[in-house]
Amino acid sequence: MCGIVGYVGTQPVVDILLDGLQQLEYRGYDSSGIAISDNGEIKIYKAEGKLQNLKDTLKSHNDEIQNAQMGIGHIRWATHGAPTLINAHPHTCNCGRLALVHNGIIENFKELKAELEKEGCVFRSQTDTEVVAHLIASIYGKIKNLTEAVRLATLRLEGAYALCVMHKDYKDTLVVTKRNAPLIIGLGEGEHFVASDVPAIIKHTKRAVYLVDNQIATLTPKSIDIINSHGQNIEYKVEILPWEPVALSKMGYKHFMLKEIHEQPDVIRNILVGKLHTTSDPVVLNEVKLTRDTLKNLNRIQIIACGTSLHAAMIGKYIIETFCGISVDVEPSSEYIYRRTVTDEHTLVIGVSQSGETADTLTAIKQSKAKGSHILIITNRPDSAMAREADSLIPVSAGIEVSVAATKSYVAQVMSFYLLAIYMAEIKGSLDSTILKNLKNEMMIIPQKIEQILSHKEEIQRCAKEYANTKDFIYIARGINYPTALEGALKLKEISYINATGYPAGELKHGPIAMLDETMPVLSILMHGSVYEKLLSNSEEAKARNARLIALTNSNDKKLNDLFDYIIKVPEVHEYLSPIIAIIPLQLLAYYIAEFLGKDVDQPRNLAKSVTVE
Ligand code: AGP
């Protein structure tokens with residue numbers, strides 16, 4: 001959601017903070033700010049809009065900021081209060097001696113605010129965060145110990161937070177803490193870094209401490225002291241961070257999204273290493289900790305996820321039911337958590353999340369875990385909060401995904417579901433051995449097929465130009481590619497703001513067909529398989545209403561030339577694996593339309609890469 005950074009050491013702090021914020025820009029980008037400590041003075045600079053505006057603001061303050069060696073920074077995705085200068089972080093107390101940045105939501109901020117106003121605190125912003133600044137300062141006024149003031153304040157806070165606090169009385173000390181929001185501490189030589197996520201610090205250090213919920217860390221250039229919520233000292237573990245700095249570069253591509261789309265063949269190769277050896281060897285999935293007996297007798301699975309991960313989950317349902325004959329329910333996490341869900345120790349609950357941080361999914365998982373379900377997490381972040389809740393963890397190993405629109409992480413999640421479904425089917429003996437062999441064979445050559453699509457991307461670029469000016473877009477598909485239609489439409493709306501909707505093609509005639517006329521493009525995901533002919537009829541129904549028809553197909557059927565206005569050809573593939581092939585052109589189509597329209601592809605408006613609020 002928001003991103004926070006902090007630094008205490010001997011280097012000029014401003015460049016470190018700005019660079020860190022730039023790496024966290026995917027978490028929010030509606031305003032930003034820094035606070036630095038310079039000769040005992042706390043100086044604060046803020047700007048509305050993109051981080052570049054803050055950088056521009058700071059240019060005219062160069063002389064007064066260059067010597068500072070401690071500071072905190074924030075990039076905001078507004079939850080409480082509009083994205084204005086006054087609501088931008090850092091926030092301070094009445095006297096301005098304390099400054100802090102915050103990621104998360106303080107749920108009881110109204111009660112705390114009323115209480116603090118009675119004490120004389122004057123609130124300037126509409127944020128929940130300002131309450132925390134006043135609260136810590138109020139406690140500090142009484143006990144004159146910053147770490148202890150932070151600890152006591154957190155006992156009063158409800159909700160989620162990662163906080164980084166500095167005080168005028170402490171020239172070289174940052175105090176940081178977290179609950180249900182990510183925070184890592186990077187360890188350097190005579191310096192310490194703080195960040196919401198690895199990209200902000202990976203250039204400086206690979207050694208880090210993942211702060212655990214409710215712990216409070218006090219950082220100086222040479223020391224780290226961590227206490228728990230009772231004030232007791234805690235031993236901490238230093239871990240090696242998983243990313244290489246090169247992962248954060250666009251590597252010559254115009255946008256991260258385009259780079260990440262092109263990484264997909266290698267992402268798939270990477271996932272298969274060590275898991276799928278030959279067509280006759282069983283899939284190896286040591287990550288699944290359920291016994292063979294439990295897997296054999298499993299008769300219920302629930303999959304919970306949001307957004308793009310939810311679409312991967314829908315494909316997961318289709319293939320697990322088809323390959324294993326186990327009943328699977330898929331539900332958006334945000335719905336799952338607000339009703340009485342029926343789950344128990346006999347249910348396998350699978351959480352799917354690129355970031356491993358999404359608040360709704362995290363809460364849903366915790367709820368099911370409390371009911372005794374085995375929790376299997378499929379995530380791109382094995383270091384995330386969700387991963388830490390997992391009984392079984394399948395890391396999708398897609399490498400860091402910077403663009404807000406998920407692409408390679410989706411393909412990696414879907415591929416993980418294939419491996420899981422085949423793994424379970426082999427244990428249960430529920431899938432015909434010839435089909436199994438074919439599938440494995442095709443999985444191994446899928447990266448080359450994606451490369452073929454990528455090498456003909458001009459065809460999709462031309463299609464994008466032709467359709468870029470449409471206001472609406474409909475995607476239709478049936479069966480296993482219905483989630484592909486949803487995901488294709490989501491990609492387009494996220495980055496181009498075109499009103500795109502995915503429908504199961506059979507539903508078209510039950511309502512949406514009323515919208516069809518010569519202005520409406522309908523993209524039909526027409527892959528060979530059990531529903532090909534049915535979908536062809538649905539496409540004809542759309543043509544009869546004068547819709548502009550696009551086919552995404554692996555068919556050479558000549559009659560398609562008369563029916564469709566535009567044909568995007570993809571390689572032949574087994575129906576069961578077709579979602580992986582079909583999504584690639586749809587990602588590219590969304591990308592090229594957004595690029596053609598001049599949109600901010602990697603950082604679309606109103607969105608953030610990881611949604612840590614419910
Ligand atoms: C994907 O393009 C979106 N930005 C969004 O739908 C995302 O998939 C969703 O917020 C879930 O995130 P997660 O996978 O990190 O849990």
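The chain folds into 20 helices and 24 strands, where helices (H or I, at least four residues) and strands (E, at least two) are DSSP runs numbered from the N terminus. The model is predicted, so local features need pLDDT of at least 70 and side-chain atom pairs count only at pLDDT 80 or more, while totals for chains, interfaces and linings use all residues. Residues are numbered from 1 along each chain as its sequence is written, and side-chain values use heavy atoms, with hydrogens and water left out.

Let me begin with the overall dimensions. For 614 residues, a compact globule would have a radius of gyration near 25 Å, and the 26 Å of the chain agrees with this; the radius is taken over C-alpha atoms, and the globule rule is 2.2 Å times the number of residues to the power 0.38. Along the principal axes, the C-alpha atoms fill a box of roughly 80 × 55 × 45 Å.

Of the 614 residues, 60% count as buried, meaning under 20% relative accessible area, with exposed over 50% and partly exposed in between (1.4 Å probe, protein chains only). The chain exposes about 23000 Å², of which carbon and sulfur atoms supply 48%; accessible areas come from the Shrake-Rupley method with a 1.4 Å probe, and for residues only the protein chains shown count as cover. Among contacts between residues at least 6 apart in sequence, 72% join residues at least 24 apart, a contact being heavy atoms within 4.5 Å.

I turn now to the ligand. It is surrounded by 13 residues, the closest being Ser309, Ser353, Gln354, Ser355 and Thr358; a residue is near a molecule if one of its heavy atoms lies within 4 Å of it. By class, this shell has 4 nonpolar, 7 polar and 2 charged residues. Here Ala, Val, Leu, Ile, Met, Phe, Trp, Tyr, Cys and Pro count as nonpolar, Asp, Glu, Lys and Arg as charged, and the others, Gly among them, as polar.

Which helices each supply at least two residues of the shell? They are α10 (307-324) and α17 (482-496), and α10 gives the most, with 3 residues.

A polar side-chain atom of Glu494 lies 2.8 Å from an oxygen atom of the ligand. Taken alone, the ligand exposes 410 Å², and the protein buries 91% of that.

Thr407 sits in the loop between β19 (392-395) and α14 (408-428). Leaving aside residues up to four places away in sequence, Thr407 touches Met257, Glu260, Ile261, Gln264, Glu401, Lys491 and Gln587.

Thr347 occupies the loop between α11 (333-336) and β17 (348-353). Its relative accessibility is 4%, so Thr347 counts as buried.

Leu98 belongs to strand β6 (residues 98-106) and is buried at 0% relative accessible area. Beyond four places in sequence, the residues touched by Leu98 include Ile42, Cys93, Ala133, Leu146 and His167. The C-alpha atoms of Leu98 and Ile350, 252 residues apart along the chain, are separated by 43 Å.

Conventions: A polar contact is a pair of N or O atoms within 3.5 Å; within protein, one must be able to donate a hydrogen and the other to accept it, and residues adjacent in sequence count only if both atoms are side-chain atoms.
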